[in-house]
Each structure stands twice: as structure tokens, then as C-alpha cells.
Amino acid sequence: MSNLVDLVIAGLATGAIYALVAIGFTLLWQTSQTINFAQGEFVMLPAFLMLAVASLGAPFWLAVVLGALLSIAILGVAFKKLLVDPMLRHGVLPLAIATMALSVAMKESVKQFFSAEAQPFPSIAPSGSVSIFGSSISLQSVGVFAFGVAAVIGLNLFLERTSTGRQMQAAAQNPTVARIIGVPVERMIMLTFVINAALVALASLLVTPIYLAKFSSGETLGQAAFIAAIVGGFNQVRGAIVGGLVIGVVDNLAAAYVSTQYRAAVPLMLLIVIILFRPEGLVGRSEERTV
Amino acid sequence: MKSVLAAGAALLAAAFAAPAFAQDIELADVAELSGGGATVGTNWKNGIDLAVEEINAAGGILGHRIVVTHADSQSNPGVARAQVQKALDSNPYVLLGPGYSGSVKVTAPLAAEAGVAQIMGGEAAELTRMGDKFLFRTSFGQQSSMPKVAKYMAEDMKAKNVAIVWVNNDFGKGGRDTITKEFDKRGVKVAADISTEAGQADFAADVAKVKASDADAAFVYLNEEESARILKEFKRQGATLPLMGETTLVGQKVIELAGDAANGARAHVGLTTDAPVESVRAFRNRFVKKYNYVPDHNGIKGYLAVYMVKAATEKMGKVDPKGVADALHGLTIKAADQPGLLMDVTFDENGDIDREGFLVEVENGKQVIKQILPKLQ
Amino acid sequence: MTPAHRLFAIAAGAAVIAALVFVPLSLGRYGLYILSLWSVMSIAAIGLNLTLGYAGQVSLAQGAFVGIGAYAAAIMTVNGLPLSLAVAAALILCFIVGWVLGYPALRVQHHYLAFVTLAFSTLAFLVFRNEEWLTKGIYGISDVPRPNIFGLSTAKPLPFYYLCLFTLGVVTIAFWRLVRSPWGRAFMALRENPMRALSLGVDTRRYTLMAFAIGSALGGLAGALYAPLTEFVDPTPFTLSLSLNLLMMVIVGGSGFFFGPYLGAMIAVLLPEWLRFTQGYYLIVYAVLVMALLIYSPTGILGILDRYLRDRSAKAASSLRAAARASLPDEAVG
């Protein structure tokens, strides 16, 4: 029985990581119909930017700050202006394909210009573990979990309680009407991209000490976040965190109790079931079809 | 438009079929430069490039310069086959690579048919059992290393029930199949058979499974990063059972990434930059100087491959692509004569390697040699 | 099209066919392999074009269907059955699987078929890899034989290339007939305006399903040729990447255009070859080129061509009008 608790808690820890990545993914979809296939690589890159700055001699904290700023500039502003803006009016699919190409470009660039080897990454959480319900969980995982929850609460508060947040929601739900009532829609959309970039930079900082910095570490993370976002509910930020936790736990339990060879199949089957029988996701709101 | 492209393809094919300078020795390398095996292939390539640079600086092979071309197999046996086909079309002196056993299996018949010697990095047991007279290893095949591992686990570790954790690709599965047979021969039971994915980051469930089984030791056969992660996970879950692996479990990189979680891990190691051998240390320093990182065993393999070509050609006394394979069969080379080969080595009739090996344990963040397994000849 | 244009189109078409038949005679083994691969990938891309370009459905499972076809062909031919039988089996099997997969998924909204096919893609890969008893797992099925066509062996690259080319030709003609038929028009109605099609009495669900199933069957056909081409079938190529690659081929070539898939497949197969001189950077260059193309023209290369031709004919028409207006008396012009 303690084994089960172990697995669930470990699953929640991994799930928190998936949730962090899924949140930004959901935000981008909600506000600008962008399906970002490069989201996993977005999480991989900030760590390398931070390592690059650190290799120039900067102390770690400075490297983190500069790396985060660079990430926001590249993954938020540049991404939107250079790739998304020109393509948005042409529909969802060409942009989605462009992000697929972008993910390849990012992966290969890191491999060529930095290294094909995995790099260690210092952790901002202290090492060591703590005992919860009799199973030992690393402080790093606790840190990830705590930050993930804080991010979601913070985001929700921002969206619901601040004027900017409500303007963002308006811009997402109905851009035409929002424009009419004076919401600066373009600026709001840019804000979403900046928030996404900040979130992935945070995720990168938290996750890379555990996953190690490698050019390919975005692949599994991206796919897991994708599934988490859909399972949880593509149109609700809350859905991302529920989806992430669920996928993390399901994945661990599947590995232990079903089969390690088919471990990846269980979240996928869950995805198919959810899409067929509850397409709005576990926590999502049902979308009306516009005629 | 299509006809222009087709004509372009024709031109391209013609360009590659044209012979290079008659003086140079052309080596064609097909390696995993992208895809799942990118780390393996990139290390292999870097080792080759370093060797070529060294040999050319020292005057080449019998006075001939070496020129090497690298092609990307994308970690995909089908693409490897096509790239080897293309390489063979331009009549190279020797074919180098691939590293992935699956890709080797598919490309070996092509090289054999063309009569070109192939020096590769694959470790699957079956590769040297296909009766291919042109295929050569640069590291122990699983059929050589796994019996030694099984012997150590059964006799020294006194293990009766072993959990096997392996990476689900042809490297990991080959190792798992071979060691399962060896355990069977020695009456050791397999308590758990756990497959993991390449690139996997979370090993909580796998370690939990090992703990839940009644294993008294675990054989861990993963790639480097995953080895580091699972070592950390074993430590985190407080698993105390002895861990045994192969070269990938105790590499310098793994120790660096896993920290003190690596202490206590043991492995049979064929090639390691940590070997207490002067020439190996020197090689490592040269590699680090050129590339700024410590190579894994694939880097050593690539380096050796080129020096094997040099040794065989020097034995023949002439540059003859048709004679390389015969020259290598049965050849014993002492490191003193050919320092590029790092350690004394003998190649047998099947292309297998006979060389000193080590049983290593990690103590205080360093590899410590516990046993030296001598060369058979 | 004016008679002059039609003549030009026929001449161009004949030139291309002649090139495809005669230029390969001078190519080496590798060049022939690349061209054969192009024709096989074109077949799969044509199938995806039907699903995506004509019926407007996003499928991320085309790679899995190629895999199913390849394994079916490998397993059957290695056990002595003729390739023609294997091709038929691949077509039927993939059609059925496509139908079964599409049936429930098409109850839900548009983009969700993409996710279901994405999941199916990875599931198929897992089955290919894990079910050793059937597929030989990660070790793969080697020595897949090449067929004998009417007593002629296709073991050598050139005859096998002609077999691939011939199959591509058959698929082209069949697809042309399909697009021209009432079915084809129904498919295009689905793409343009499904609501309207529904209101006009077109059974959108049935036709969408049909398009998806036929598209998948074509993927299976491509796979059945892929197996004897590479003479080795393992799970590695049949991942989500292949499906994404095929999707890229269709979109880069021009989704919904008849010749889009051929062009897209040619770019996907040849461009990495041409870029190899950039060594390790070729994938980066390729990805950047794809992004640039999509930014400039989301309807792909044929989209650019189409726009250009339309611009030209619009300009020609307006200059004709201007000339006509100039020759009219002033009062007649409002």
C-alpha cells in the first residue's frame, strides 16, 4: 500500500511539471488560437540561455535573471511578432505546422551551437528530501509543485481580479466586441505570449535540475503537456493543472501496474476516451459551435 | 519544375560518383547525427575527426592523407541503409559506422557485397554471428561482455534474483536478451524485467517495481543520462540493493550528473576514459582540448576505428581497400606499436575484439578498478 | 484554359513523364533509391491531401497507416505470399482501420480528430515495437523480398523504381477520376462550407469518413511499397514524426491542389539531400525554409503559383477592360 502512495506522490510531482508547461500552452490556444507544437522546446531553451550567460562568467543568479529576460524576448515577443502575427489570419493549421518546424529548428540549433551532451543544471531548491505520508519526496519536487500551484493561483487572480486580466479574458473570448468597448486587443494578445514565455522560463528553471539540460528534453515534455492540456480542458487554465496532475499520476501507475512497455499507451488511451466522451476535458467548459 | 528537380538529382548522383584524388584515402562514415542516437553518433564522429587530424598531422597512412565524409543516418536503419548505399557508390577505402546495432544489421550486407571493410560501433551479439567477413567491432560485443557480468553477479555478488532494467531500443533489448540467457545458464532468476524509454526522465515507477520484487541485485542497462537519473532515484527511494551495469552505468558523465548517488554502482567496463592506462588518459586530454567535453565510450570507438584502418594498412604495407578486412582478421596490435589503439587488442576471425576489460566500482565519485579481466590471448 | 494553355499543359506533362521514365536510366543506386522513395511518399501524401486538402480533416496518423501497410507487406511476403496480395491486404486493412478510427471521432469537433489520430500514431508505434511475436519488435523484419512482376525480377533498383513509378501513375489516374466525380465535388463542398453542404442534403459525416478512410488506405499502399524498397521494416520510421513530415509535405506543396503532394514529397525527400553540404546545419536550414515559406504563403508553393497566375489573369482581364472602355464613346461610360 505504501508503494501506491509512493507512486501517487511521485506522479503528482511529475504532474506538476506537466501542468506548468500545459498552462502556457492552454493560454496561447485560448487567446490566439495558436497550437504551439514547440512548447516542449520552449521549456528546454531558457535553461540553455541561462547556461550560456553563466558561461560568460556571470554569477548564477544574474544568469538566471538575464536568461529569463532573454527567453521572454525571444519566446514571447519575437515568437509572436515574427512567426505568429504573419500567419494568424491564415488559420490554425499552417501556424501549427510552422511551430513544428520551429521545434526542429530550436532543437537542432541547441545541439549544433551548444552541445549534443546533457549538461547538469544547478537547482534553486535545496537538495535533500522530506517525508510525506511515509514516502520520501525530494525538495526539488516539492518546490516544483509549490511553484506550479502558486503560478496557477497567481494567474487566476490576475485574470479575475485585475483590470488587465479581465481585458485579456475579453480579448480572448470575443476580440471584435472587445475592440468595440476599447480593449487594446493586440496588446492583450502580446501580453499572453509574454506570460507564456515567463511561465516556460520558470518551468525550465525548476525542471532542468531534475531532467538535465539536453537538446532533446523538450520532446516528451511537450507531448505530455499537450495531452495534459486536452485531458484537463483546453479552454480553462485550471484544466491544465488538473490535466497535468492526472497524467503524471496515471503514467506512474500505468508503469507500475500495467506494463512498462506500454506505459505511454495509457495516457493516450485516456486522451482518446476524453476526446470522444467529454471533449471539453475534465474541467473544461463545453464549447458552443458557431454556425 | 519536377523535371528540373529530377535533373538536379541526376547531377547530384553523378557528382557523388566521381572519384576523388587518387592519393587520398577516403573514409566514409555513416552515423547517428540526429534523432534518438544523436549523442552516440556525435561522439563517434568527434572521435573519428580527432584521429584523422592526428594521423594527417603525422604524415597520414603510408604517406597518404585521410579524407573522411560524414553522413547522417538520423538514427533510422532505413536512412542508414540509403546513406551507406550512397557512400558505397563512391568506393570508399573503408566504411565507418553506424553505431546503432539495428542500422549495422541492415547495412552490413551492402558493405559485404561491395567488398568494403566496415568498422562499426554496434554491440549486439548477432552482428558478428552473421558470417560477415567484412564487419569489425570497436568494443566488446554483448556476447563477450554479458557472460562476464553474469559471472560477477552470480559469483561475486552472490545474487540469486536479479531485476533487469533496460532501455527499449536495440541496444538495450539486445543486452537484456543476452543477459537473460546467461542468467538462465547460471541458475539466476530474473525477479523483474523492466523496460524503459530512451530519454525517460522519471524513474519513480521503475524503481518502485524493483523494490517491490524480491530482487537481491539489479542489472541496469540504460544510456548515460538515464543511468544518472535512475541512480538518483534509487538513492532517493532508499533502495540498497547492489547495482551492476556495463560501461554506460559508471561513465564519468554519469558520475558527474548523479553525484553521490553513483557511489556503490559497479560495472563491467570495456572502454573507459578513466582506465588507469597512460595512453587512454592522454587521449582523453587531447579530446577535451579539442572539443571541450569528456567523451563517452562512443568517442573512443570512433577514434579506434580510424587507427584500426591505419594498423591494417601498415600491416599490408600498401593502400589496398580489398585487403583491409583480411589484414584485420587475426591481427594482434600492441598499444606500444600503435598508441592510437590505446590498449593491446586482437581481432578474431569474426570481427570480434579481444582486449583487457575492467570490473569497476564507483567510490567517492571516482571509478576504482576492482578486477582486471585480462585479454584471452 | 485557352487552347494554347492546354497545349502547353499537355506538353509540360509529357516532358515530366518522359523525364521520370528516362532520366533514371543514368542514375546510380542511390539516386534511384531517392526517386523510388519520392514516389512512395507521394502516394502517402496524396492520401493525406485527400483527407486534409479536399475534405478538410487534419489527420496525424498517416505515418501509422504507412507503418501498418509496411508491416502487412513485410510479414506476408517474408512468409512467401505475393506482394499483390499484400498490397490488397494493406489497402483493405487500412481502409477498415481508418473507418473505425474515424467513425466515433467525427462526432466531435474539427480539431479533435487531429488529437485522436495523434494518439493513434503513438499507439501504433508501441504495438509495432512491443508485439515481438508478430513484428519481431525492435529487431525488425529483414530480407523483405522484392516481387516478381510477370516473371521479371524487381530486385535491382531500376526495375523496382519503375514499379513504384507505375503504381504512382495508377494512383494519379484513380485520384484524378475521384476528384472529377460527384464524390470529389462532395468532398470539396465539405472543405469549403460543411454547414451549407449539410443543408443541401450532403451526408457530411459519411463523405468525411470516406475521405479519411480512402486517404488512410493510400497510406497503407505506400507502406506496402516501402517495405520491399528498404528491404527491412522496423518500428523506427513509423513514429509521429513521419505523420508530421507527411503533413508538412502536403502543406508545403499546397494543400488542396492536385499536384501539391508530388511537389511537397519532392521537397521533403530532396531538399535534405541538397542541403547536406551544410553538414550538421541541414535540418536547421530546412526548418527555417519551411517556416519562411509558410509565412509567405500558407497555401504552399502551388498557392504562390496559383496566386501569381490569378494575379496575371486578373491583370490581363482588367487591361482588356480598360482597353475596351477606352474604345467606347464617352457617354456610354458612367
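Which domains does the domain assignment give for chain B? Domain 1 of chain B comprises 22-140 + 278-355 and domain 2 comprises 143-269, with bounds from an automatic or database domain assignment. The model is predicted: local features need pLDDT of at least 70, side-chain atom pairs count only at pLDDT 80 or more, and totals for chains, interfaces and linings use all residues. Residues are numbered from 1 along each chain as its sequence is written, while chains are lettered from A and ligands numbered from 1 in the order in which they are written.

**View 1. The two domains of chain B.** Taken over C-alpha atoms, the centres of domain 1 and domain 2 of chain B are separated by 29 Å. Their contact takes 12 residues from domain 1 and 13 residues from domain 2, two residues being in contact if their C-beta atoms, placed from the backbone, lie within 7 Å.

**View 2. The contact between chain A and chain C.** Chain A contributes 30 residues and chain C 29 residues. On the side of chain A, the elements giving two or more residues are α3 (60-88), α4 (92-113) and α11 (265-277); α4(A) gives the most, with 12 residues.

**View 3. The fold of chain C.** Chain C has 14 helices and four strands, where helices (H or I, at least four residues) and strands (E, at least two) are DSSP runs numbered from the N terminus. The C-alpha atoms of chain C fill a box of roughly 85 × 50 × 45 Å along the principal axes. Among contacts in chain C between residues at least 6 apart in sequence, 76% join residues at least 24 apart.
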